[in-house]
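The sequence and the structure are shown first.

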Amino acid sequence: MENRNALQYLYITLKGIAMGAADVVPGVSGGTIAFISGIYEELITSINNINFSLFKTLRSEGFKPFWKQANGNFLSALFLGIFISILSLAKLVSWLLENEPVLLWAFFFGLVTASIFFVGRTIEKWNTGVIISLIAGACLAYYITTLPANESVNSLPFLFFSGALAVCAMILPGISGAFILVLLGSYKTILEAVHEKDIKVILTVGLGAVFGLLSFARILKWMFNNYKNITLAVLTGFIIGSLNKIWPWKNVLETKQFGDKIMVIADESVSPYAFDGEHKLIYAVIAAIIGFSLIFIMEKAASKK
């Protein structure tokens with residue numbers, strides 16, 4: 001793991017803030033932000049290091065070696081940013097989602113489009129297997145974005161599974177964990193459990209999320225170590241396929257009430273001129289350009305470091 005100074009840890013916290021803001025938007029993954037900001041592999045490796053040997057280190061060698069093995073400074077700086085974002089910036093993102101959805105989606109569309117070039121460029125060797133993996137990833141992500149939501153499910157084993165699957169989606173670039181919960185029919189149940197402080201449901205989902213995060217991180221780490229180009233191709237494909245979900249101009253086909261929230265569960269991407277509301281095309285293009293440019297500014301800042 002890298003040795004960093006205080007300014008570099010502040011930069012990681014800022015990346016955490018960006019990840020937290022992205023996760024608020026159904027359809028945008030914090031994993032995409034982690035990837036384009038250059039911390040994705042370190043995040044997967046750090047999560048992968050959380051195992052029984054880590055606690056053996058704590059018992060036999062003390063706190064300092066334990067903290068170093070866990071890459072504690074990196075994880076705490078990153079999760080501090082995510083936490084700050086959820087408490088503050090996420091409110092702004094939610095407001096924009098409700099009041100200026102076209103401009104917000106356009107910004108993220110530009111940002112995610114630029115990330116395709118950024119992630120795709122990290123593929124070192126192109127061959128038939130890599131191209132097939134990219135197409136398969138794109139088709140799977142696109143298919144997921146077109147699925148209808150399920151009715152609410154209350155079974156505890158299913159909620160455990162939902163938590164595991166949603167957190168896996170959350171760390172995959174291109175796929176939103178919140179959107180997966182809507183598809184599975186768990187979103188309403190979990191939302192109500194949080195509102196009503198139903199400890200049994202919250203604990204079940206939380207344990208599922210921990211299980212999913214620790215097990216899926218191992219799979220991703222193994223794939224990066226053994227099939228890096230194919231893994232990068234699949235992840236690039238996921239990002240391409242997810243663009244359908246974040247296209248700025250969508251006409252709503254069906255909505256559902258989830259607790260006190262109304263969520264769109266079926267919509268269709270349309271041209272700006274076929275959009276039911278005000279298309280705000282010029283402002284949307286500017287927002288998309290800002291999002292697109294932000295990736296290259298972040299990359300330049302990272303390469304200067």
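The model is predicted; local features need pLDDT of at least 70 and side-chain atom pairs count only at pLDDT 80 or more, whereas totals for chains, interfaces and linings use all residues. Residues are numbered from 1 along each chain as its sequence is written, and side-chain values use heavy atoms, with hydrogens and water left out.

**Salt bridges**

A salt bridge is a side-chain nitrogen of Lys or Arg within 4 Å of a carboxyl oxygen of Asp or Glu. The structure holds three of these pairs, listed below.

| Salt bridge | N to O distance |
|---|---|
| Glu42 and Arg4 | 2.5 Å |
| Glu41 and Lys228 | 3.3 Å |
| Lys280 and Glu100 | 2.6 Å |

Helices (H or I, at least four residues) and strands (E, at least two) are DSSP runs, numbered from the N terminus.

The salt bridge of Glu41 with Lys228 joins helix 3 to helix 14 (residues 228-242), across 187 residues of the chain. Glu41 counts as partly exposed because its relative accessibility is 37%; Lys228 is also partly exposed, at 32%.

In the salt bridge of Lys280 with Glu100, Lys280 comes from the loop between strand 2 (261-269) and helix 15 (281-304), and Glu100 from the loop between helix 7 (89-99) and helix 8 (101-120), 180 residues apart. Lys280 is partly exposed, with a relative accessible area of 23%, and Glu100 counts as partly exposed at 23% relative accessibility.

**Helix packing**

Axes are lines fitted to C-alpha atoms, for helices over the stretch in contact, and angles run from 0 to 180 degrees between N-to-C directions. Angles under 35 degrees count as roughly parallel, over 145 as roughly antiparallel, 65 to 115 as roughly perpendicular and the rest as oblique. A crossing is left-handed if the near helix is turned anticlockwise from the far one by less than a right angle, and right-handed if clockwise.

The axes of helix 10 (residues 156-171) and helix 13 (residues 199-226) come within 7 Å and cross at roughly 45°; the two helices are therefore oblique to each other. Their crossing is right-handed. The contact residues of the pair comprise 15 nonpolar, four polar and one charged, where Ala, Val, Leu, Ile, Met, Phe, Trp, Tyr, Cys and Pro count as nonpolar, Asp, Glu, Lys and Arg as charged, and the others, Gly among them, as polar.

Helix 8 and helix 14 have axes that come within 9 Å and cross at roughly 165°, and are therefore roughly antiparallel to each other. The crossing of helix 8 and helix 14 is left-handed. Val112, Ser115, Ile116, Val119 and Gly120 of helix 8 meet Leu232, Thr236, Ile239, Ile240 and Ser242 of helix 14. These contact residues divide into six nonpolar, four polar and no charged.

Ile33, found in helix 2 (residues 30-36), counts as buried at 4% relative accessibility. Not counting residues up to four places away in sequence, Ile33 touches Lys15, Ala18, Met19, Ala22 and Leu111.

Conventions:
Buried < 20%, exposed > 50% of the residue type's maximum accessible area, 1.4 Å probe, protein only. Contact = heavy atoms within 4.5 Å.
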